[in-house]
Amino acid sequence: MDDRLLLDAMLGKLATYLRMCGYDAAYVLDGVDDPRGGPDDDEILATARRSGRTVLTRDRELAARAPGGRLVRSRDVEDQLSELRAAGYDLSLDSTPTRCGACNGAVRAVDAGESLPAYAPDPAGTDCWRCLDCEQVFWKGGHWDDVRATLESV
């Protein structure tokens, strides 16, 4: 199964789950201020080709045009996850996060003495990771547990 994915504008929540499962899941609206100004199908196909990514989409026409593209039929993210699991995608959380759920950047472990934002726990007592791109800080808290429960239920 391909680990480099490009998700269309209808699959933003799915992109977050896939990133937390370790997939390099680019989302076509990352960095787009106005979603109505997102890329058209030709631009999505060109990006996928240039970056060696498999297109995941809810758009039948786009899926048919994308080499190896996968049509995701469901609107609900849990049903989308079930579809992907049935298609052979590994939907388990890595023991150590590798991708930023927000921007898809790579993450690295935070050192115990490193300065963190006020919202983050003390890295001396809780393992934390920082995105190398957007600098957001992550740890395995309630959100991690919720994602794990969702993945286990599909």
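This is a predicted model: local features need pLDDT of at least 70, side-chain atom pairs count only at pLDDT 80 or more; totals for chains, interfaces and linings use all residues.

**Entry 1**

Which residues of H1 are buried? I listed Leu 14, Ala 15, Tyr 17, Leu 18, Arg 19 and Met 20. Just after H1, I found Gly 22 with a positive phi of about 95°.

**Entry 2: H1 against H4**

The axes of H1 (residues 12-20) and H4 (residues 77-86) come within 9 Å, and they cross at roughly 55°. H1 is therefore oblique to H4. I recorded the crossing of the two helices as right-handed.

Which residues make the contact between H1 and H4? From H1 I noted Lys 13, Leu 14, Tyr 17 and Leu 18, and from H4 I noted Val 77, Gln 80, Leu 81 and Leu 84. Sorted by class, this contact has 6 nonpolar, 1 polar and 1 charged residues. In general, an α-helix has 3.6 residues a turn, so residues three or four places apart point the same way.

**Entry 3**

I then moved to an open sheet of 3 strands, ordered S5-S6-S7, with antiparallel pairing. Its edge strands are S5 (107-109) and S7 (137-139), each of which pairs on one side only. From one strand to the next, the twist averages 35°.

I looked up the pairings one at a time. S5 and S6 pair in the antiparallel sense over 3 bridges, and Val 107 has Cys 131 in S6 as its bridge partner. S6 (residues 128-131) and S7 also pair in the antiparallel sense, over 3 bridges. There, Arg 130 has Val 137 in S7 as its bridge partner, and Trp 129 stands opposite Phe 138 in S7.

Which way do the residues of S6 point? Cys 128 and Arg 130 point one way, Trp 129 and Cys 131 point the other way, and all are buried.

**Entry 4: loop residues**

The hairpin of S6 and S7 has 5 residues between the strands. Is Glu 135 buried or exposed? I put it down as exposed, because its relative accessible area is 52% and the cut-off for exposed is over 50%.

Asn 104 lies in the loop between H4 and S5. Its phi is near 80°, again a positive value in a residue other than glycine. Asn 104 is buried, with a relative accessible area of 7%.

Last, I looked up Val 32, in the loop between S2 and helix H2 (41-51). Val 32 is partly exposed, with a relative accessible area of 28%. Leaving out residues up to four places away in sequence, Val 32 touches Gly 37 and Gly 38.

Definitions and conventions. Residues are numbered from 1 along each chain as its sequence is written. Side-chain values use heavy atoms; hydrogens and water are left out. Axes are lines fitted to C-alpha atoms, for helices over the stretch in contact, and angles run from 0 to 180 degrees between N-to-C directions. Helices (H or I, at least four residues) and strands (E, at least two) are DSSP runs, numbered from the N terminus. Angles under 35 degrees count as roughly parallel, over 145 as roughly antiparallel, 65 to 115 as roughly perpendicular and the rest as oblique. A crossing is left-handed if the near helix is turned anticlockwise from the far one by less than a right angle, and right-handed if clockwise. Contact means heavy atoms within 4.5 Å. Ala, Val, Leu, Ile, Met, Phe, Trp, Tyr, Cys and Pro count as nonpolar, Asp, Glu, Lys and Arg as charged, and the others, Gly among them, as polar. Two strands pair if DSSP finds at least two bridges between them. Buried means under 20% relative accessible area, exposed over 50%, partly exposed in between (1.4 Å probe, protein chains only).
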